[in-house]
Amino acid sequence: MADYDLAIIGGGLNGVSLARDAAGRSLRVILFEQGDLAGAASSATPRLIHGDLSVLERRGFWRVRRALAERRIWLRIAPHLVRPMRFVIPAHSEERPPWLLRAGLYVYDGLTNRGGLPPSATLDITHHPVGNALKRPFGTAFEYWDCVVDDSRLVVLTALDAAERGAAIRTGARCVRADRTDTWRLAVVDRGYRRAVTARALANATGAWTSMVAETVLRQPQPAMAAMQMSQIVVPRLFDSENVYVFQHNDGRLIFARPLERDFTLIGTVTHAFTGDPAIVAMPGADVSYLCDAASRYFRERVAPIDVVRTVSGVNLALASARGREGTTLFHARRRKAPLLTLFGGDVTTSRLRAERAVTKLTPFYPMSPPWTAGAALPGGDFAWDRFDTEVDLARDRWRFLSEPEAQRLVAAYGSRLPAVLGEAKSRDELGPAFGPELTGAEVRYLMAHEWARFPDDVLWRRSKLGLTMPAADRDALAAFMAGVS
Ligand SMILES: Cc1cc2nc3c(=O)[nH]c(=O)nc-3n(C[C@H](O)[C@H](O)[C@H](O)COP(=O)(O)OP(=O)(O)OC[C@H]3O[C@@H](n4cnc5c(N)ncnc54)[C@H](O)[C@@H]3O)c2cc1C
């Protein structure tokens with residue numbers, strides 16, 4: 001008998017979503033990630049959970065409707081990671097006239113049961129705080145509501161849920177060979193040790209590596225795919241209001257600018273074809289300038305490449321025939337050959353549904369329980385989304401040393417699991433050494449014990465974004481601390 005029902009290669013959003021779905025449907029699951037969870041494209045997404053107006057523009061009504069239904073599900077199952085936010089789109093007549101925007105938002109409103117989110121509206125931004133950061137010519141804007149998400153924490157908490165339902169999650173484990181007979185026999189280099197694992201089915205969820213893995217590890221034919229790079233920039237915070245701006249650049253593309261943590265703004269995205277090694281993705285200078293120019297058209301404060309504190313880029317594959325937001329699922333099964341699932345691309349909003357549909361393809365091969373992921377909260381997400389502020393207040397009541405912004409960060413990251421991080425601490429000193437203004441030894445220990453963090457970058461960039469504000473000396477101290485935790 002095979003060791004597992006399903007082995008998954010790749011610990012990005014697609015891989016962990018498969019692991020969660022399959023583990024909860026009583027399959028024996030193992031997932032191998034060569035580096036850290038969300039170490040590649042899944043921590044470089046636009047971080048939006050949305051219907052996507054640009055899809056509506058291409059008359060993708062059903063896709064928008066499906067995505068908006070998923071948005072509702074995310075708010076229910078991950079109210080700590082997914083936050084509703086006002087989106088503001090300044091109106092001017094150059095590319096998309098105001099009547100077109102108004103009509104589009106009317107349709108957008110009608111495509112979903114909004115689940116408590118307000119309908120779209122017209123704003124006079126000469127007298128509204130959201131207008132303060134914008135240049136004068138923009139007198140009118142439209143607002144609508146969508147959601148923002150912490151993409152890499154979504155990956156980690158999805159993996160945590162999978163693990164709590166029985167999946168084995170192995171990070172630092174690279175699959176180097178997989179032989180296909182009536183089962184799969186995998187060779188994995190797992191933290192320096194070679195091990196063999198057998199599985200009844202295999203999923204290749206290796207993102208930008210998909211065709212390379214298919215060719216060199218699985219030795220299975222794959223259709224032609226194109227690699228695409230998506231990039232964003234991080235600059236010091238450009239506006240005080242808590243909203244996302246959606247701008248129309250002069251080439252017609254929609255560009256967004258959203259708050260990132262407390263002190264930064266994330267601006268994106270620019271997408272183009274990619275060639276090269278997906279492990280080394282750099283944002284070209286021309287793309288940085290493009291996003292700076294787009295932002296400078298709208299914000300009073302000019303944005304220049306010198307202001308950019310970080311660039312964020314990821315690569316994924318797309319079939320030439322299907323560059324849709326829902327990604328691509330290929331399923332291959334033949335007599336006496338164990339099944340192979342290949343899952344790549346797609347956006348964050350539809351990732352849960354994509355995994356559910358992919359795992360369902362295995363139903364003829366295994367007895368398994370019905371789809372379930374839409375109804376079960378992710379770890380820490382067992383409260384209603386409109387109680388987020390109440391959860392923050394409760395946290396401040398219980399741990400009186402927390403400031404409001406700290407409590408907000410911690411509730412957004414851990415939700416109702418915060419007691420497992422802070423315990424019964426009565427003061428900050430009881431949480432161990434401090435790294436930078438906010439990170440404590442207790443939080444680092446929790447992340448290492450429960451969330452597969454091994455190195456400083458795992459903590460500073462994927463399980464939090466504290467890398468944006470951490471001084472170099474504290475980072476070195478964090479590395480020494482983590483090396484000492486057994
Ligand atoms: C061009 C482009 C457009 C996008 N558009 C959107 C968008 O509109 N909206 C949105 O929300 N998101 C968008 N995204 C981001 C998208 O959400 C991500 O692509 C998504 O997170 C899917 O990730 P993944 O799991 O397929 O790949 P990744 O996150 O890249 O994960 C693959 C993982 O496989 C691992 N791996 C590779 N080889 C091996 C091996 N041999 N053994 C073990 N592990 C291995 C890698 O280390 C990596 O961590 C876009 C991305 C790109 C590149």
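Me: Are α12 and α14 parallel or oblique to each other?
Reply: In this predicted model, helix α12 (residues 441-450) and helix α14 (residues 472-484) pack with their axes 11 Å apart. The angle between them is about 50 degrees. Angles under 35 degrees count as roughly parallel and 65 to 115 as roughly perpendicular, so α12 and α14 are oblique.

Me: Which residues of α14 does α12 meet, and how many residues of the contact are charged?
Reply: On the α12 side, the residues are Gly441, Val444 and Met448. They meet Leu478, Phe481 and Met482 in α14. By class, the contact has 5 nonpolar residues and 1 polar residue, and the number of charged residues is none.

Me: Is the crossing of α12 and α14 left-handed or right-handed?
Reply: The two helices pack at an angle of about 50 degrees. Their crossing is right-handed.

Me: Is α1 enclosed by the rest of the structure or exposed?
Reply: A residue is buried if 20 or more other C-beta atoms lie within 10 Å of its own. In α1, the buried residues include Leu13, Val16, Arg20 and Asp21. The count of buried residues is 12 of the 12, so α1 is largely enclosed.

Me: What distance does α1 reach from its first C-alpha to its last?
Reply: Helix α1 has 12 residues. At 1.5 Å a residue, the expected value is 16 Å. The model comes close to that, and the reach of α1 is 17 Å.

Me: Is α1 roughly parallel or oblique to α5?
Reply: Helix α5 covers residues 151-164, and its axis is 8 Å from that of α1. The two pack at an angle of about 25 degrees. Angles under 35 degrees count as roughly parallel, so α1 and α5 are roughly parallel.

Me: Which residues of α5 make the contact with α1, and how many residues of that contact are nonpolar?
Reply: From α1 come Leu13, Val16, Ser17, Ala19, Arg20 and Ala23. From α5 come Leu154, Val155, Thr158, Ala159, Asp161 and Ala162. The contact has 2 polar and 2 charged residues, and the nonpolar ones number 8.

Me: Is Ala159 buried or exposed?
Reply: Ala159 lies in helix α5. Setting aside residues up to four places away in sequence, Ala159 touches Gly11, Val16, Ala19, Leu37 and Ile169. It has 27 C-beta neighbours inside 10 Å, so Ala159 counts as buried.

Me: How many Å apart in space are Ala159 and Leu37, C-alpha to C-alpha?
Reply: Leu37 is among the residues that Ala159 touches. In sequence the two are 122 residues apart. In space, C-alpha to C-alpha, the distance is 8.3 Å.

Me: Are α1 and α8 roughly perpendicular or oblique to each other?
Reply: The axes of α1 (residues 13-24) and helix α8 (residues 351-360) come within 8 Å. They cross at roughly 55 degrees. Angles of 65 to 115 degrees count as roughly perpendicular, so α1 and α8 are oblique.

Me: How many residues of the contact of α1 with α8 are charged?
Reply: Among the α1 residues that meet α8 are Asn14, Leu18 and Asp21. On the α8 side are residues including Arg352, Arg354 and Glu356. The contact divides into 6 nonpolar and 3 polar residues, and the charged ones number 4.

Me: Is Asp293 buried or partly exposed?
Reply: The place of Asp293 is in helix α7 (residues 285-298). Within 10 Å there are 16 other C-beta atoms, so Asp293 is partly exposed.

Key: Residues numbered from 1 in each chain as written. Predicted model: local features only at pLDDT ≥ 70, side-chain atom pairs only at ≥ 80, totals over all residues. Axes fitted to C-alpha atoms, helices over the stretch in contact; angles between N-to-C directions. Helix = DSSP H or I, 4+ residues; strand = E, 2+ residues; numbered from the N terminus. Parallel < 35°, antiparallel > 145°, perpendicular 65-115°, else oblique. Contact = placed C-beta atoms within 7 Å. Nonpolar A, V, L, I, M, F, W, Y, C, P; charged D, E, K, R; others polar. Expected span 1.5 Å × (residues − 1). Left-handed = near helix turned anticlockwise from the far one by under 90°.
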